[in-house]
Amino acid sequence: MKVENKYFKKNQIKIQRFCRFGTVEIPDEKKYFESIRKAIILFLIAIILLTVFFTFSNHKDFVVKIGIFALFFNFYQFYKVFRIPLLKLNKMGIELRPINIPWKNIKKIRTNWNSHCFHLEIHLMNGKIVKEKLTEFSIYDYVTISPIIKAFQKKYRNQFIFKKIEK
């Protein structure tokens with residue numbers, strides 16, 4: 001004879017449903033930036049090469065011009081790390097660096113993590129597929145991004161759907 005407590009069984013079902021279909025509290029905007037590690041490594045390599053060429057070369061004026069260009073290039077890398085996000089989710093849609101996709105045009109979003117790259121596949125309503133590969137995306141952000149994308153899509157895409165029905 002098997003005796004089960006109905007209270008514990010109900011709680012277990014609620015916990016399982018929460019884990020599968022739990023809601024995520026989202027801010028108005030969520031930004032994902034690339035890692036600073038690559039920018040620092042490029043900066044250090046540029047400084048080391050410039051000092052070696054400057055000390056052992058006869059063309060110091062040419063090395064100084066190249067060094068100025070390399071430093072400005074590295075400052076742009078730091079600017080991208082701190083100011084330009086790889087991926088931005090807001091009420092308008094998904095913003096990747098080169099493109100902007102509104103929520104009303106998105107049918108389905110698939111995410112995948114392979115060989116330290118975040119693969120994002122967006123199926124649009126008109127049948128087109130947008131594939132984007134983000135190389136400087138952290139594994140922690142990948143683990144948390146799937147429910148956040150679903151929450152953004154549920155919150156903001158439904159507004160466009162209900163507006164179309166009201167007309």
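Student: Which residues touch the most other members of the largest nonpolar core?

Tutor: Of its 22 residues, these are Leu87, Ile94 and Ile122. The model is predicted: local features need pLDDT of at least 70 and side-chain atom pairs count only at pLDDT 80 or more, while totals for chains, interfaces and linings use all residues. Residues are numbered from 1 along each chain as its sequence is written, and side-chain values use heavy atoms, leaving out hydrogens and water.

Student: What makes a set of residues a nonpolar core?

Tutor: The members must be buried Ala, Val, Leu, Ile, Met, Phe, Trp, Tyr or Cys residues, joined through side-chain atoms within 4.5 Å. Buried means under 20% relative accessible area; over 50% is exposed and anything in between is partly exposed (1.4 Å probe, protein chains only).

Student: What does isoleucine 122 touch?

Tutor: Setting aside residues up to four places away in sequence, isoleucine 122 touches Ile94, Ile101, Ile106, Lys108, Ile109, Lys128, Ile129 and Val130. Contact here means heavy atoms within 4.5 Å.

Student: Why is E6 called mostly covered?

Tutor: Six of the eight residues of E6 are buried.

Student: How many bridges join E5 to E6?

Tutor: Eight, with the strands running antiparallel. Lysine 108 has histidine 123 in E6 as its bridge partner. Two residues lie between the strands of the E5 and E6 hairpin, where serine 115 takes a positive phi near 45 degrees.

Student: What makes E1 and E4 edge strands?

Tutor: Four strands form an open, antiparallel sheet in the order E1-E2-E3-E4. E1 and E4 each pair on one side only. E1 is joined to strand E2 (residues 87-90) by four bridges, and lysine 30 has leucine 89 as its bridge partner in E2.

Student: How many aromatic pairs does the structure hold?

Tutor: Seven. In one of them, tyrosine 32 and phenylalanine 137 are 5.4 Å apart centre to centre, with 50 degrees between the planes, and the pair is tilted. Rings of Phe, Tyr and Trp (its six-membered ring) pair if their centres lie within 6.5 Å; planes under 30 degrees apart count as stacked, over 60 as edge-to-face and the rest as tilted.

Student: Why does the pair of tyrosine 32 and phenylalanine 137 tie together parts of the chain?

Tutor: Tyrosine 32 lies in strand E1 (residues 29-32) and phenylalanine 137 in the loop between strand E7 (129-134) and helix H4 (139-166), so the parts tied together are 105 residues apart in sequence. Tyrosine 32 and phenylalanine 137 are both buried.

Student: Why is the pair of tryptophan 103 and phenylalanine 152 called stacked?

Tutor: Their planes are 10 degrees apart, at 6.3 Å centre to centre; the angle is under 30 degrees and the distance within 6.5 Å, so the pair counts as stacked. Tryptophan 103 and phenylalanine 152 are buried as well.

Methods: Two strands pair if DSSP finds at least two bridges between them.
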